[in-house]
Amino acid sequence: NVLLGSAPTATNNAHDNVTISGSTDGSVVAVAWSRTTSVTPTSDLRVAIITNGVAAPETTVVGLASHNAQGAPIGLTVAPDGSTANVVWLVKNASAQGAMLASRYASGLWSVTPTTLAAAALATNATWGPSLAKSSNGQVLTSVWPTKTSAAPGYAQIASKRSTDGGITWSASVSVISQGAAANFQAASLERVGLAASSDGNTCLLYTSDAADDLLCVDLGGRR
């Protein structure tokens with residue numbers, strides 16, 4: 001066993017939502033998780049890199065002293081040769097409006113300033129955690145996340161951005177799935193996304209969505 005995260009130091013502190021990814025041969029493994037930092041709803045994003053079974057000290061990704069994203073999925077990939085890693089995560093402000101950020105790990109360091117993939121959403125709890133997938137060479141990255149396009153009821157979408165240089169730069173945002181005013185978009189609608197990539201970076205998306213005519217059931221959808 002390898003100890004990655006130190007024990008929480010205050011009441012109600014906790015580690016949450018562990019995500020793991022590794023190089024092709026398994027020699028380099030990255031682990032990311034959120035850690036509640038106080039009894040108030042704030043947490044930071046922690047990442048540990050394990051090389052040949054030896055874990056480097058856990059790191060708080062720079063720029064995330066506190067955020068309200070407990071429980072939100074974290075997108076994480078490691079390049080096939082283990083030389084780089086990328087993480088995408090949800091950050092919420094005091095009004096629970098969510099923004100999507102990305103950071104790249106190279107030469108033993110995470111990027112000093114995270115890249116903003118999406119600014120704070122228009123409504124409270126209107127954005128949820130992302131999924132991240134990579135091509136076989138690690139250069140083509142695709143991230144997707146559920147969000148809203150309007151503060152009005154409905155208007156849900158799954159947004160996506162792509163990088164073709166290993167996470168150094170990202171494309172403009174594209175709406176992959178879009179639902180209009182009739183959609184039953186609440187806190188739980190379109191809130192789970194899963195993404196897989198083929199060797200050339202083409203992707204397959206799975207997502208859940210609350211049906212507009214049935215508040216108690218959740219639909220499963222997919223798109224390539």
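**A buried serine and other buried residues**

A: S163 is buried, because its relative accessible area is 1%; buried means under 20%, exposed over 50% and partly exposed in between, with a 1.4 Å probe and protein chains only. The model is predicted, so local features need pLDDT of at least 70 and side-chain atom pairs pLDDT 80 or more, whereas totals for chains, interfaces and linings use all residues. Residues are numbered from 1 along each chain as its sequence is written, and side-chain values use heavy atoms, without hydrogens or water.

S163 belongs to strand β13, which covers residues 156-163; strands (E, at least two residues) and helices (H or I, at least four) are DSSP runs numbered from the N terminus. Apart from neighbours within four places in sequence, S163 is in contact (heavy atoms within 4.5 Å) with Q139, V140, L141, I168, T169 and W170. A polar atom of the S163 side chain lies 2.7 Å from the backbone oxygen of T169.

I50, in strand β3 (residues 43-51), is also buried, at 14% relative accessible area. Its C-alpha atom is 5.6 Å from that of V28, 22 residues away along the chain.

Y105 is buried at 15% relative accessibility, and W110 is buried at 9%. A search of the whole structure finds one aromatic pair. The rings of Y105 and W110 have centres 5.2 Å apart and planes at 55°, so this pair is tilted. Rings of Phe, Tyr and Trp (its six-membered ring) pair if their centres lie within 6.5 Å; planes under 30 degrees apart are stacked, over 60 edge-to-face and the rest tilted.

Methods:
A polar contact is a pair of N or O atoms within 3.5 Å; within protein, one must be able to donate a hydrogen and the other to accept it, and residues adjacent in sequence count only if both atoms are side-chain atoms.
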